[in-house]
Amino acid sequence: MLLAPAVVMELLIHIIPMFVGIWMSFVRLTKFFLANWSEAPWAGLGNYRLAVDVNSSIGRGLLMSFGVTLAFSICALALSWGLGMAAAIALQQPFRGRGVVRTLFLVPYALPAYAGILTWNFMLQRDTGLVNHVLADNLHLITDRPFWLLGGNAFASIVTVAVWRLWPFAFLTIMAGLQSIPTELYEAASVDGANNWRQWRSITLPSLRPVNLVLVLVLFLWTFSDFNTPYVLFGTAQPPAGDLISFHIYNASFLTWNFGSGAAMSVLLLLFLLVVTAAYLLITNRRSRRA
């Protein structure tokens, strides 16, 4: 009885829509059949073959979007983890105002995603944005004001916004993990002559292994399926350099009104993330057993 409300909500919000989406991927559900889904003709694996056919424009577009998303996820994950690790270690030593600094570091994570990304959209505007104003007018690092939301610069912009949103989560997670490491280990290492770099490699990283295993997986899943960042940052006309796969699937579904093809792409994305997650957990578990 206590679990019933949670089970019902899980069915309504996740399980049933997922199975409906899988069913949609096997039919030719276009705008002509929105009034009556049951009349949509059966497509079988036709939508999947179209999505993975690199000789067609749909398949090439999905493959390019997959490459952009993979590069985006790797860059955002590495930078978020690196900044989070550096900030967590820097704030381990007590000093006046440490609590205030920790709170300020968590502000990007606490802000609503829409508000934060929309602010970045204003800041990255070519003529009126704060970024070009500081770089060109104040610091004089550039002479021409670049378009940060168009062309190749769009990739750097979307990575920057994603890192700004995600690194506080990495910082919070790593900082919590550091609290469980006994200080006696560092004191003994200092007595033995180990410098800070050697202590980080020999004590901090091995002790944070369980935390990092979960953190890396979560960050990868979040970045690879990120929809809010490109949608708010670029609108419906995203540049090729910022064409993340979740937003690509959205456009393939709602701009062309081909929901069967979009559903097939969504199922392929789900399968890819499941395979990556299973492989990641299998490899990390084997290494943990050997260790």
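This is a predicted model: local features need pLDDT of at least 70, side-chain atom pairs count only at pLDDT 80 or more; totals for chains, interfaces and linings use all residues.
Residues are numbered from 1 along each chain as its sequence is written. Local features need pLDDT of at least 70 and side-chain atom pairs count only at pLDDT 80 or more, while totals for chains, interfaces and linings use all residues; side-chain values use heavy atoms, with hydrogens and water left out.

**Exercise 1.** State how many helices and strands the protein chain has.

*Solution.* Helices (H or I, at least four residues) and strands (E, at least two) are DSSP runs, numbered from the N terminus. The protein chain has 14 helices and 0 strands.

**Exercise 2.** Compare the reach of helix α8 with its expected span, and locate its kink.

*Solution.* Step 1: α8 covers residues 153–178, which is 26 residues. Step 2: the expected span is 1.5 Å times one less than the number of residues. In α8 a kink of about 35 degrees lies at L166, shortly before the proline P168.

**Exercise 3.** Describe how α9 and α10 pack.

*Solution.* Step 1: two packed helices are described by the angle between their axes and the distance between the axes. Axes are lines fitted to C-alpha atoms, for helices over the stretch in contact, and angles run from 0 to 180 degrees between N-to-C directions. Step 2: for α9 (residues 183–191) and α10 (residues 196–207) the angle is about 150 degrees and the axes are 11 Å apart. Step 3: contact means heavy atoms within 4.5 Å. L185, Y186, A189 and S190 of α9 meet Q199, I203 and T204 of α10.

**Exercise 4.** Which loops hold H140 and W257, and are these residues exposed or partly exposed?

*Solution.* Step 1: most residues other than glycine have a negative phi. H140 has a positive phi of about 55 degrees, and W257 one of about 60 degrees. Step 2: H140 is in the loop between α7 (130–138) and α8, and W257 in the loop between α13 (245–254) and α14 (259–290). Step 3: buried means under 20% relative accessible area, exposed over 50%, partly exposed in between (1.4 Å probe, protein chains only). H140, at 60%, is exposed; W257, at 39%, is partly exposed.

**Exercise 5.** Why is α13 called largely enclosed by the rest of the structure?

*Solution.* The reason is that 8 of the 10 residues of α13 are buried. Among them are F247, H248 and I249.

Methods: The bend at a residue is the angle between axes fitted to the seven residues ending there and the seven starting there.
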